[in-house]
Amino acid sequence: MSDSLVIIPTYNEKENIEKIIRKVFSLDYVFDLLIIDDGSPDGTADIVKGLQLEFPTQLHLEQRAGKLGLGTAYIHGFKWALERAYEYVFEMDADFSHNPKDLIRLHEACVNGADLAIGSRYVKGVNVVNWPMGRVLMSYFASIYVRFITGITIQDATAGFKCYRRKVLETIPMDKIKFVGYAFQIEMKFTAIKYGFNVVEVPIIFTDRTEGTSKMSTRIFREAFLGVIQMKINSWFRTYKR
């Protein structure tokens, strides 16, 4: 068993899932993979089950009934990881917007002192490929907005490519994480910082998916926009002690 687990939530990712699994397993460092599939009607889970015959010890699958949200998928994965001996737990998308090779760089950042390493699109300029300009601006200014409201200094507040040290996930009370969409990514970073963990940004190049369909929606964006204010207010009435 590896000391590192990569969690990939999926919904209708049949075009990408086998390729991303094989790419992760081809890396020079050994990672285990946990796919959390939310009842994909396109057969994503069946592809994973077939690959489990080839990778019986490294590839794991958790199936859930229907779309329950990105945040709940990751929390499900975090709890699964904590029941086992993983020291490093990663979040990554299935669609190759996150380059699997960067898993090694995120891992190295945590080995070298980071408690949470973030694959950042904005820590060195704007490193986004194939996104329409409107979406680039929305994402970039969302991070500015988050910094203004919360006071944190993270350049890419909505980033979803991350490596956690085990102790971070053991410390954060998952039942108090409220958001289920992309605001979940903001809330986890904000909470880790409030607990005093060392959060480091690692520059990456983000490439928009070429296959499959994006899950972004105006509802998800609205949750993030309004939720950041509520999250900040709620933090005034909480204590953050390890």
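**Exercise 1. In which loop is the place of Asn12?**

Solution. This is a predicted model, in which local features need pLDDT of at least 70 and side-chain atom pairs count only at pLDDT 80 or more, while totals for chains, interfaces and linings use all residues. Residues are numbered from 1 along each chain as its sequence is written, and side-chain values use heavy atoms, with hydrogens and water left out. Asn12 belongs to the loop between E1 and H1, where helices (H or I, at least four residues) and strands (E, at least two) are DSSP runs numbered from the N terminus. The next step is the backbone: phi of Asn12 is near 55°, a positive value in a residue other than glycine. For background, most residues other than glycine have a negative phi.

Phe96 can be worked through in like manner. Phe96 is found in the loop between E4 and helix H4 (102-111), its phi is near 70° and thus positive in a residue other than glycine, and its relative accessibility of 29% places it among the partly exposed residues.

**Exercise 2. State the order of the strands in the open sheet, and identify the strands at its edges.**

Solution. Seven strands form the open sheet in the order E3-E2-E1-E4-E7-E5-E8, with mixed pairing; two strands pair if DSSP finds at least two bridges between them. Strand E3 (59-63) and strand E8 (199-203) stand at the edges, and because each has a single partner strand, one side of each is left without a neighbour in the sheet. From one strand to the next the twist averages 20°.

The individual pairings can then be followed. E2 and E3 run parallel and are joined by five bridges, with Leu34 standing opposite His60 in E3. E1 and E2 run parallel with six bridges between them, and the bridge partner of Pro9 in E2 is Ile36. E1 and E4 run parallel as well, joined by four bridges, and here Leu5 has Val89 in E4 as its bridge partner.

**Exercise 3. Determine how far E1 is buried, and sort its residues by the way they point.**

Solution. Seven of the seven residues of E1 are buried, so this strand is largely enclosed by the rest of the structure. In a regular strand the side chains alternate between the two faces of the sheet. In E1, Ser4, Val6, Ile8 and Thr10 point one way, whereas Leu5, Ile7 and Pro9 point the other way, and all are buried.

**Exercise 4. Describe how H1 and H2 pack against each other.**

Solution. Begin with H2 (residues 44-52), in which Thr44, Ala45, Val48 and Leu51 are buried. These residues cover an arc of only 120° around the axis, which puts them on the same side of H2, the arc being that of the directions from the helix axis to the C-beta atoms. The buried residues of H2 pack against E1, H1, E2 and E3.

Turning to the helix pair, the axes of H1 and H2 come within 9 Å and cross at roughly 35°; axes are lines fitted to C-alpha atoms, for helices over the stretch in contact, and angles run from 0 to 180 degrees between N-to-C directions. Residues that meet there are Ile17, Glu18, Ile21 and Arg22 in H1 and Thr44, Ile47, Val48 and Leu51 in H2.

**Exercise 5. Which residues have the most contacts inside the largest nonpolar core?**

Solution. The largest nonpolar core has 40 residues, and Ile7, Phe78, Ile172, Phe184 and Met188 have the most contacts inside it; such a core is a set of buried Ala, Val, Leu, Ile, Met, Phe, Trp, Tyr and Cys residues joined through side-chain atoms within 4.5 Å. Among the elements that give two or more residues to this core are strand E1 (4-10), helix H3 (70-82) and helix H7 (183-194). Leaving aside neighbours within four places in sequence, Phe78 is in contact (heavy atoms within 4.5 Å) with residues including Ile7, Val89, Phe184 and Met188.

**Exercise 6. Is Lys189 buried or exposed?**

Solution. Lys189 lies in helix H7, and at 0% relative accessibility it counts as buried. Its contacts, with neighbours within four places in sequence left aside, include Leu116, Ile118, Asp156 and Lys162.

Methods:
Buried < 20%, exposed > 50% of the residue type's maximum accessible area, 1.4 Å probe, protein only.
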